[in-house]
Amino acid sequence: MSESSKEFFPDISKIEYKPESKGDALSFKHYNPDEVILGKPMKEWLKFSVCFWHTFVGGGGADPFGSPTYIRDWEGDLEGIELAKRRIDVAFEFFTKLGIEYYCFHDFDVAPEGETIEESHNNLDVITDYLLEKQKETNINLLWATQNLFSNPRYMNGGMTNPDVQVFCYAAAQIQKVMDINHKLGGTNHVFWGGREGYQSLLNTEFKSECDQMAMMYKMAVDYKKRKGYTAQFLIEPKPREPTKHQYDYDAQTTLAFLHEYDLIDHFQLNIEPNHTTLAGHEAVHDIYVASLYGKLGSIDSNTGDILLGWDTDNFPMDLAQSTAVMSILLEQGGFVTGGLNFDCKVRRESVDPVDLFIGHIGAMDNYALGLRKAAKMKEEGVLKSMVVERYLSWETDPLGTKIKNGEASLEECVEYAKAKGEPKKTSGKQELYEMVRNQYLYG
Ligand code: XLS
Ligand code: NI
Ligand code: NI
(Lines give C-alpha, C1' and ligand atoms only; values in the text may rest on other atoms or scores of the structure.)
(Ligands and ions follow the chains in the order given, each with its own letter.)
Protein backbone atom coordinates (compact mmCIF):
# COMPACT_ATOMS: atom_id res chain seq x y z
CA MET A 1 0.00 0.00 0.00
CA SER A 2 1.32 3.43 -0.82
CA GLU A 3 2.11 5.46 2.24
CA SER A 4 2.15 8.61 0.13
CA SER A 5 0.45 10.66 2.81
CA LYS A 6 3.39 10.21 5.19
CA GLU A 7 6.15 12.84 4.95
CA PHE A 8 9.75 11.89 5.57
CA PHE A 9 11.32 15.33 5.11
CA PRO A 10 8.66 17.43 6.87
CA ASP A 11 10.96 20.43 7.31
CA ILE A 12 11.83 20.66 3.65
CA SER A 13 9.41 22.03 1.09
CA LYS A 14 9.68 22.09 -2.69
CA ILE A 15 13.04 23.56 -3.73
CA GLU A 16 12.45 26.79 -5.65
CA TYR A 17 14.54 29.01 -7.90
CA LYS A 18 15.54 32.04 -5.82
CA PRO A 19 18.52 33.68 -7.51
CA GLU A 20 18.81 36.42 -4.89
CA SER A 21 18.71 34.19 -1.82
CA LYS A 22 22.36 34.10 -0.79
CA GLY A 23 23.13 31.74 2.08
CA ASP A 24 19.93 29.69 1.74
CA ALA A 25 21.09 26.14 1.02
CA LEU A 26 17.61 24.90 0.14
CA SER A 27 16.96 26.92 -3.00
CA PHE A 28 18.38 27.07 -6.51
CA LYS A 29 20.45 30.10 -7.48
CA HIS A 30 20.94 29.10 -11.13
CA TYR A 31 18.59 26.22 -11.93
CA ASN A 32 15.35 27.55 -13.30
CA PRO A 33 13.79 24.46 -14.91
CA ASP A 34 11.47 26.13 -17.43
CA GLU A 35 13.76 28.97 -18.48
CA VAL A 36 14.62 28.60 -22.15
CA ILE A 37 18.31 28.52 -23.06
CA LEU A 38 19.25 28.24 -26.74
CA GLY A 39 15.80 27.04 -27.69
CA LYS A 40 15.15 24.49 -24.95
CA PRO A 41 14.08 24.65 -21.30
CA MET A 42 16.92 24.08 -18.85
CA LYS A 43 15.33 20.92 -17.56
CA GLU A 44 15.48 19.39 -21.03
CA TRP A 45 19.15 20.22 -21.57
CA LEU A 46 19.95 18.83 -18.14
CA LYS A 47 17.52 15.92 -17.65
CA PHE A 48 18.63 15.31 -14.06
CA SER A 49 18.21 11.91 -12.47
CA VAL A 50 18.74 10.57 -8.94
CA CYS A 51 20.47 7.21 -8.49
CA PHE A 52 18.70 4.92 -6.08
CA TRP A 53 21.74 3.02 -4.77
CA HIS A 54 23.90 5.72 -3.23
CA THR A 55 21.01 7.84 -2.02
CA PHE A 56 18.52 5.33 -0.62
CA VAL A 57 20.45 2.09 -0.12
CA GLY A 58 24.20 2.65 0.30
CA GLY A 59 26.16 1.37 3.24
CA GLY A 60 25.35 4.11 5.73
CA GLY A 61 28.71 5.70 4.99
CA ALA A 62 30.72 2.55 5.78
CA ASP A 63 34.17 2.41 4.19
CA PRO A 64 36.95 -0.24 4.28
CA PHE A 65 38.24 1.34 7.49
CA GLY A 66 35.06 1.98 9.40
CA SER A 67 31.47 1.07 10.21
CA PRO A 68 28.41 3.01 9.03
CA THR A 69 28.26 6.55 10.33
CA TYR A 70 24.54 7.17 9.85
CA ILE A 71 21.26 5.35 9.86
CA ARG A 72 18.15 6.65 8.19
CA ASP A 73 15.36 6.87 10.75
CA TRP A 74 12.75 6.21 8.10
CA GLU A 75 14.00 2.61 7.78
CA GLY A 76 13.00 1.75 11.38
CA ASP A 77 12.89 -2.02 11.91
CA LEU A 78 11.52 -2.70 8.46
CA GLU A 79 12.87 -5.58 6.37
CA GLY A 80 12.42 -7.18 2.97
CA ILE A 81 9.59 -5.93 0.77
CA GLU A 82 8.33 -3.54 3.46
CA LEU A 83 11.75 -1.87 3.71
CA ALA A 84 11.96 -1.71 -0.08
CA LYS A 85 8.58 0.05 -0.27
CA ARG A 86 9.53 2.48 2.48
CA ARG A 87 12.68 3.47 0.60
CA ILE A 88 10.61 4.02 -2.53
CA ASP A 89 8.19 6.27 -0.63
CA VAL A 90 11.10 8.31 0.70
CA ALA A 91 12.73 8.44 -2.72
CA PHE A 92 9.65 9.75 -4.51
CA GLU A 93 9.14 12.45 -1.91
CA PHE A 94 12.78 13.39 -2.39
CA PHE A 95 12.54 13.49 -6.22
CA THR A 96 9.36 15.55 -6.04
CA LYS A 97 10.77 18.09 -3.61
CA LEU A 98 13.92 18.49 -5.70
CA GLY A 99 11.98 18.74 -8.94
CA ILE A 100 14.01 15.89 -10.49
CA GLU A 101 11.97 13.97 -13.06
CA TYR A 102 14.07 10.81 -13.53
CA TYR A 103 15.65 8.06 -11.45
CA CYS A 104 17.83 4.97 -11.99
CA PHE A 105 18.32 1.66 -10.17
CA HIS A 106 20.00 -1.77 -10.10
CA ASP A 107 17.53 -4.65 -9.76
CA PHE A 108 18.43 -5.41 -6.15
CA ASP A 109 18.54 -1.78 -5.05
CA VAL A 110 14.78 -1.63 -5.29
CA ALA A 111 13.78 -5.20 -4.40
CA PRO A 112 15.36 -7.76 -2.09
CA GLU A 113 17.20 -10.61 -3.81
CA GLY A 114 15.49 -13.93 -3.05
CA GLU A 115 16.91 -17.40 -2.39
CA THR A 116 16.08 -18.52 -5.93
CA ILE A 117 15.70 -16.84 -9.31
CA GLU A 118 11.93 -17.32 -9.08
CA GLU A 119 11.75 -15.67 -5.69
CA SER A 120 13.86 -12.72 -6.86
CA HIS A 121 11.65 -12.31 -9.91
CA ASN A 122 8.57 -12.39 -7.76
CA ASN A 123 9.99 -9.66 -5.50
CA LEU A 124 10.78 -7.57 -8.55
CA ASP A 125 7.23 -8.02 -9.87
CA VAL A 126 5.72 -6.82 -6.60
CA ILE A 127 8.08 -3.87 -6.35
CA THR A 128 7.72 -2.77 -9.94
CA ASP A 129 3.93 -2.70 -9.53
CA TYR A 130 4.55 -0.34 -6.65
CA LEU A 131 7.05 1.76 -8.62
CA LEU A 132 4.63 2.02 -11.52
CA GLU A 133 1.97 3.34 -9.20
CA LYS A 134 4.42 5.94 -7.86
CA GLN A 135 5.52 6.95 -11.35
CA LYS A 136 1.93 7.51 -12.40
CA GLU A 137 1.16 9.52 -9.28
CA THR A 138 4.17 11.83 -9.70
CA ASN A 139 5.01 11.76 -13.41
CA ILE A 140 8.60 10.89 -12.45
CA ASN A 141 10.09 8.38 -14.86
CA LEU A 142 12.78 5.75 -15.08
CA LEU A 143 15.89 6.92 -16.96
CA TRP A 144 17.53 3.52 -16.77
CA ALA A 145 17.66 0.20 -15.01
CA THR A 146 20.61 -2.16 -14.71
CA GLN A 147 21.47 -5.54 -13.25
CA ASN A 148 23.82 -5.93 -10.31
CA LEU A 149 26.32 -8.55 -11.48
CA PHE A 150 28.98 -7.66 -8.94
CA SER A 151 27.76 -7.73 -5.30
CA ASN A 152 26.65 -11.32 -4.87
CA PRO A 153 29.62 -13.67 -4.15
CA ARG A 154 28.54 -15.88 -7.06
CA TYR A 155 29.87 -13.14 -9.34
CA MET A 156 33.31 -12.88 -7.73
CA ASN A 157 34.92 -14.18 -10.94
CA GLY A 158 32.66 -12.15 -13.21
CA GLY A 159 29.10 -12.33 -14.51
CA MET A 160 29.07 -12.41 -18.30
CA THR A 161 32.82 -13.19 -18.33
CA ASN A 162 32.76 -15.93 -15.69
CA PRO A 163 34.77 -19.13 -16.38
CA ASP A 164 31.68 -21.11 -15.29
CA VAL A 165 28.78 -21.25 -17.75
CA GLN A 166 26.34 -21.73 -14.86
CA VAL A 167 27.22 -18.30 -13.51
CA PHE A 168 26.93 -16.84 -17.02
CA CYS A 169 23.38 -18.19 -17.22
CA TYR A 170 22.53 -16.76 -13.81
CA ALA A 171 23.65 -13.39 -15.17
CA ALA A 172 21.42 -13.98 -18.20
CA ALA A 173 18.44 -14.45 -15.88
CA GLN A 174 19.10 -11.07 -14.28
CA ILE A 175 19.64 -9.29 -17.58
CA GLN A 176 16.44 -10.71 -19.06
CA LYS A 177 14.40 -9.77 -15.99
CA VAL A 178 15.76 -6.23 -15.99
CA MET A 179 14.79 -5.92 -19.65
CA ASP A 180 11.26 -7.05 -18.77
CA ILE A 181 10.78 -4.75 -15.77
CA ASN A 182 12.43 -1.84 -17.53
CA HIS A 183 9.91 -2.22 -20.33
CA LYS A 184 7.06 -2.44 -17.83
CA LEU A 185 8.20 0.82 -16.20
CA GLY A 186 8.85 2.61 -19.49
CA GLY A 187 12.59 3.03 -18.81
CA THR A 188 14.27 4.68 -21.77
CA ASN A 189 17.72 3.08 -21.36
CA HIS A 190 19.27 -0.14 -20.08
CA VAL A 191 22.80 0.12 -18.64
CA PHE A 192 25.52 -2.53 -18.58
CA TRP A 193 28.35 -1.81 -16.18
CA GLY A 194 30.99 -4.52 -15.91
CA GLY A 195 32.59 -4.08 -12.50
CA ARG A 196 33.68 -7.71 -12.38
CA GLU A 197 33.99 -8.23 -16.13
CA GLY A 198 37.77 -8.22 -16.27
CA TYR A 199 40.69 -9.98 -14.62
CA GLN A 200 42.82 -9.95 -11.48
CA SER A 201 45.61 -12.07 -12.96
CA LEU A 202 46.43 -13.01 -16.55
CA LEU A 203 47.85 -16.29 -15.25
CA ASN A 204 44.38 -17.75 -14.66
CA THR A 205 42.49 -15.87 -17.39
CA GLU A 206 41.35 -16.63 -20.94
CA PHE A 207 41.08 -12.98 -21.92
CA LYS A 208 39.75 -13.48 -25.44
CA SER A 209 37.19 -16.15 -24.43
CA GLU A 210 35.87 -13.83 -21.74
CA CYS A 211 35.42 -10.99 -24.23
CA ASP A 212 33.75 -13.42 -26.68
CA GLN A 213 31.36 -14.52 -23.91
CA MET A 214 30.46 -10.93 -23.09
CA ALA A 215 29.78 -10.21 -26.77
CA MET A 216 27.58 -13.32 -26.97
CA MET A 217 25.53 -12.17 -23.98
CA TYR A 218 25.04 -8.80 -25.67
CA LYS A 219 24.01 -10.47 -28.92
CA MET A 220 21.44 -12.59 -27.11
CA ALA A 221 20.13 -9.49 -25.30
CA VAL A 222 19.87 -7.60 -28.60
CA ASP A 223 18.01 -10.54 -30.09
CA TYR A 224 15.64 -10.85 -27.10
CA LYS A 225 14.96 -7.11 -27.22
CA LYS A 226 14.06 -7.36 -30.89
CA ARG A 227 11.77 -10.35 -30.40
CA LYS A 228 9.96 -8.64 -27.53
CA GLY A 229 9.66 -5.31 -29.32
CA TYR A 230 11.39 -3.49 -26.46
CA THR A 231 12.83 -0.06 -27.18
CA ALA A 232 15.13 0.91 -24.28
CA GLN A 233 18.49 2.08 -25.59
CA PHE A 234 21.37 -0.21 -24.50
CA LEU A 235 24.25 1.67 -22.89
CA ILE A 236 27.65 0.40 -21.78
CA GLU A 237 29.30 2.27 -18.92
CA PRO A 238 33.09 2.09 -19.23
CA LYS A 239 35.36 1.90 -16.19
CA PRO A 240 39.00 0.83 -16.23
CA ARG A 241 39.26 -0.82 -12.80
CA GLU A 242 37.68 -1.05 -9.34
CA PRO A 243 36.64 -3.53 -8.18
CA THR A 244 38.57 -5.62 -10.75
CA LYS A 245 42.21 -4.81 -11.56
CA HIS A 246 41.53 -4.58 -15.28
CA GLN A 247 38.03 -4.18 -16.69
CA TYR A 248 37.33 -4.93 -20.34
CA ASP A 249 35.24 -1.78 -20.86
CA TYR A 250 38.32 0.26 -20.00
CA ASP A 251 37.26 3.62 -21.44
CA ALA A 252 35.15 5.07 -24.27
CA GLN A 253 37.60 4.30 -27.07
CA THR A 254 38.22 0.73 -25.88
CA THR A 255 34.49 0.10 -25.55
CA LEU A 256 33.76 1.47 -29.01
CA ALA A 257 36.52 -0.74 -30.44
CA PHE A 258 34.97 -3.77 -28.67
CA LEU A 259 31.55 -2.93 -30.12
CA HIS A 260 33.01 -2.62 -33.62
CA GLU A 261 35.03 -5.83 -33.27
CA TYR A 262 31.92 -7.83 -32.39
CA ASP A 263 29.60 -6.08 -34.80
CA LEU A 264 27.46 -4.66 -31.98
CA ILE A 265 28.13 -0.99 -32.63
CA ASP A 266 24.65 -0.20 -33.99
CA HIS A 267 22.92 -1.53 -30.88
CA PHE A 268 24.76 0.36 -28.16
CA GLN A 269 25.60 3.82 -26.94
CA LEU A 270 27.73 4.79 -23.94
CA ASN A 271 26.92 5.94 -20.44
CA ILE A 272 29.93 7.97 -19.34
CA GLU A 273 30.96 8.65 -15.75
CA PRO A 274 33.67 11.31 -15.33
CA ASN A 275 35.08 9.69 -12.19
CA HIS A 276 35.70 6.52 -14.25
CA THR A 277 37.36 8.63 -16.92
CA THR A 278 39.86 10.08 -14.45
CA LEU A 279 40.48 6.59 -13.10
CA ALA A 280 41.52 5.65 -16.66
CA GLY A 281 44.12 8.41 -16.56
CA HIS A 282 42.22 10.88 -18.72
CA GLU A 283 40.96 14.30 -17.81
CA ALA A 284 37.39 14.25 -16.51
CA VAL A 285 35.55 15.21 -19.71
CA HIS A 286 37.70 13.17 -22.11
CA ASP A 287 35.30 10.23 -22.49
CA ILE A 288 32.22 12.44 -22.74
CA TYR A 289 33.97 14.30 -25.52
CA VAL A 290 35.14 11.16 -27.35
CA ALA A 291 31.76 9.44 -27.07
CA SER A 292 29.97 12.52 -28.37
CA LEU A 293 32.34 12.95 -31.32
CA TYR A 294 31.47 9.44 -32.51
CA GLY A 295 27.73 9.96 -31.99
CA LYS A 296 27.70 7.58 -29.02
CA LEU A 297 27.12 9.76 -25.96
CA GLY A 298 23.85 8.28 -24.72
CA SER A 299 23.86 9.34 -21.08
CA ILE A 300 26.09 10.63 -18.28
CA ASP A 301 26.64 9.39 -14.73
CA SER A 302 27.41 12.82 -13.49
CA ASN A 303 29.93 12.89 -10.64
CA THR A 304 33.52 13.80 -9.93
CA GLY A 305 36.52 12.19 -8.23
CA ASP A 306 38.89 13.55 -5.67
CA ILE A 307 42.22 14.28 -7.28
CA LEU A 308 44.17 13.14 -4.21
CA LEU A 309 42.24 9.94 -3.58
CA GLY A 310 42.15 8.67 -7.13
CA TRP A 311 39.38 6.10 -6.74
CA ASP A 312 35.73 6.19 -7.71
CA THR A 313 34.79 8.43 -4.79
CA ASP A 314 31.55 9.53 -6.49
CA ASN A 315 31.58 13.08 -5.21
CA PHE A 316 28.82 15.44 -6.24
CA PRO A 317 30.04 17.45 -9.25
CA MET A 318 30.63 20.92 -7.86
CA ASP A 319 33.33 22.15 -10.24
CA LEU A 320 32.22 24.87 -12.65
CA ALA A 321 34.99 24.32 -15.20
CA GLN A 322 33.94 20.67 -15.49
CA SER A 323 30.20 21.33 -15.74
CA THR A 324 30.77 24.05 -18.34
CA ALA A 325 32.95 21.73 -20.41
CA VAL A 326 30.31 18.96 -20.23
CA MET A 327 27.52 21.34 -21.18
CA SER A 328 29.55 22.71 -24.11
CA ILE A 329 29.76 19.17 -25.48
CA LEU A 330 26.04 18.60 -24.92
CA LEU A 331 25.11 21.86 -26.62
CA GLU A 332 27.27 20.87 -29.55
CA GLN A 333 25.45 17.52 -29.95
CA GLY A 334 22.02 19.11 -29.46
CA GLY A 335 21.30 17.59 -26.03
CA PHE A 336 20.33 14.09 -24.95
CA VAL A 337 18.04 11.82 -26.92
CA THR A 338 17.24 8.99 -24.51
CA GLY A 339 19.71 9.72 -21.68
CA GLY A 340 20.25 12.35 -19.03
CA LEU A 341 22.50 13.52 -16.20
CA ASN A 342 22.22 10.87 -13.54
CA PHE A 343 23.83 11.77 -10.24
CA ASP A 344 25.87 8.65 -9.52
CA CYS A 345 27.08 10.39 -6.37
CA LYS A 346 27.14 9.83 -2.67
CA VAL A 347 27.35 12.23 0.23
CA ARG A 348 30.57 11.95 2.22
CA ARG A 349 30.59 9.54 5.16
CA GLU A 350 30.90 12.56 7.42
CA SER A 351 27.76 14.19 5.93
CA VAL A 352 25.37 12.34 8.19
CA ASP A 353 22.25 14.51 8.08
CA PRO A 354 19.37 13.64 5.71
CA VAL A 355 19.35 17.28 4.59
CA ASP A 356 22.86 16.71 3.18
CA LEU A 357 21.23 14.53 0.51
CA PHE A 358 19.27 17.57 -0.63
CA ILE A 359 22.26 19.90 -0.41
CA GLY A 360 24.46 17.57 -2.49
CA HIS A 361 21.88 17.41 -5.27
CA ILE A 362 20.95 21.10 -5.16
CA GLY A 363 24.61 22.15 -5.28
CA ALA A 364 25.31 19.88 -8.22
CA MET A 365 22.14 20.88 -10.10
CA ASP A 366 23.02 24.52 -9.65
CA ASN A 367 26.58 23.89 -10.76
CA TYR A 368 25.28 22.26 -13.95
CA ALA A 369 22.71 24.99 -14.52
CA LEU A 370 25.42 27.63 -14.23
CA GLY A 371 27.66 25.51 -16.47
CA LEU A 372 24.83 25.46 -19.03
CA ARG A 373 24.48 29.25 -18.88
CA LYS A 374 28.24 29.72 -19.33
CA ALA A 375 28.45 27.15 -22.11
CA ALA A 376 25.52 28.78 -23.94
CA LYS A 377 27.25 32.18 -23.82
CA MET A 378 30.49 30.62 -25.07
CA LYS A 379 28.65 28.95 -27.92
CA GLU A 380 26.72 32.06 -28.89
CA GLU A 381 29.82 34.23 -28.98
CA GLY A 382 31.91 31.49 -30.58
CA VAL A 383 35.27 32.97 -29.57
CA LEU A 384 36.95 29.73 -28.51
CA LYS A 385 35.41 27.83 -31.39
CA SER A 386 36.73 30.30 -33.95
CA MET A 387 40.20 30.11 -32.38
CA VAL A 388 40.18 26.35 -32.89
CA VAL A 389 38.84 26.66 -36.44
CA GLU A 390 41.65 29.08 -37.19
CA ARG A 391 44.22 26.63 -35.80
CA TYR A 392 43.20 23.93 -38.29
CA LEU A 393 42.57 26.26 -41.21
CA SER A 394 45.28 24.86 -43.52
CA TRP A 395 43.23 21.66 -43.82
CA GLU A 396 40.46 23.72 -45.43
CA THR A 397 42.35 26.36 -47.37
CA ASP A 398 45.14 24.23 -48.80
CA PRO A 399 43.80 22.12 -51.70
CA LEU A 400 46.04 19.22 -50.64
CA GLY A 401 44.45 19.30 -47.16
CA THR A 402 41.00 18.63 -48.59
CA LYS A 403 42.38 16.01 -50.96
CA ILE A 404 44.03 14.10 -48.08
CA LYS A 405 40.88 14.29 -45.99
CA ASN A 406 38.82 12.92 -48.85
CA GLY A 407 41.18 9.98 -49.20
CA GLU A 408 42.23 11.12 -52.69
CA ALA A 409 45.92 11.81 -52.08
CA SER A 410 48.91 9.47 -52.30
CA LEU A 411 51.91 9.30 -50.03
CA GLU A 412 54.12 10.44 -52.95
CA GLU A 413 52.06 13.61 -53.37
CA CYS A 414 52.54 14.47 -49.70
CA VAL A 415 56.30 13.95 -50.01
CA GLU A 416 56.48 16.17 -53.10
CA TYR A 417 54.51 18.83 -51.26
CA ALA A 418 56.85 18.68 -48.26
CA LYS A 419 59.90 19.05 -50.48
CA ALA A 420 58.41 21.95 -52.43
CA LYS A 421 57.30 23.87 -49.32
CA GLY A 422 60.40 23.26 -47.19
CA GLU A 423 60.57 23.54 -43.40
CA PRO A 424 57.13 24.46 -41.92
CA LYS A 425 56.92 27.47 -39.65
CA LYS A 426 56.32 26.87 -35.98
CA THR A 427 52.80 27.90 -34.98
CA SER A 428 52.05 28.56 -31.31
CA GLY A 429 49.47 26.24 -29.70
CA LYS A 430 48.47 29.15 -27.41
CA GLN A 431 47.13 26.97 -24.62
CA GLU A 432 47.48 29.77 -22.08
CA LEU A 433 45.40 32.06 -24.27
CA TYR A 434 42.66 29.42 -24.53
CA GLU A 435 42.71 28.99 -20.76
CA MET A 436 42.56 32.73 -20.21
CA VAL A 437 39.58 33.15 -22.54
CA ARG A 438 37.80 30.17 -20.92
CA ASN A 439 38.35 31.73 -17.49
CA GLN A 440 36.89 35.02 -18.68
CA TYR A 441 33.68 33.14 -19.43
CA LEU A 442 33.75 31.13 -16.22
CA TYR A 443 34.57 33.87 -13.76
CA GLY A 444 34.34 37.13 -15.72
C1 XLS B 1 30.21 1.95 -10.45
C2 XLS B 1 29.24 2.35 -11.43
C3 XLS B 1 27.83 1.83 -11.18
C4 XLS B 1 27.03 1.92 -12.43
C5 XLS B 1 25.81 1.09 -12.45
O6 XLS B 1 31.31 2.48 -10.36
O7 XLS B 1 29.26 3.74 -11.58
O8 XLS B 1 27.25 2.51 -10.13
O9 XLS B 1 26.67 3.24 -12.70
O10 XLS B 1 26.08 -0.23 -12.23
NI1 NI C 1 27.91 4.88 -12.70
NI1 NI D 1 31.11 4.60 -10.73
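# A chat about strand 6 and the cores

Trainee: Hi! Which residues of strand 6 are buried on each side?
Mentor: Hello! In this predicted model, both faces of strand 6 are covered. Tyr102, Cys104 and His106 are buried on one side, and Tyr103 and Phe105 are buried on the other.

Trainee: Why do the residues fall on two sides like that?
Mentor: Because side chains in a regular strand alternate between the two faces of the sheet.

Trainee: And how many of the strand's residues are buried?
Mentor: Five of the five residues in strand 6, which runs over residues 102-106, are buried.

Trainee: OK, what does strand 6 pair with?
Mentor: Strand 5 (residues 48-51) pairs with strand 6 in the parallel sense, over three bridges. Strand 7 (residues 141-146) also pairs with strand 6 in the parallel sense, over five bridges.

Trainee: Which residues stand opposite each other there?
Mentor: Cys51 stands opposite Cys104 of strand 6, while Tyr102 stands opposite Asn141 in strand 7.

Trainee: New topic: how many residues are in the largest nonpolar core?
Mentor: That core has 98 residues, and Leu46 and Phe105 are the ones with the most contacts inside it. Helix 12 (residues 354-381) gives the largest share of this core, ten residues.

Definitions and conventions:
Residues numbered from 1 in each chain as written. Chains lettered and ligands numbered in written order. Predicted model: local features only at pLDDT ≥ 70, side-chain atom pairs only at ≥ 80, totals over all residues. Heavy atoms only, no water. Core = buried A, V, L, I, M, F, W, Y, C linked by side-chain atoms within 4.5 Å. Buried < 20%, exposed > 50% of the residue type's maximum accessible area, 1.4 Å probe, protein only. Helix = DSSP H or I, 4+ residues; strand = E, 2+ residues; numbered from the N terminus. Pairing = 2+ DSSP bridges.
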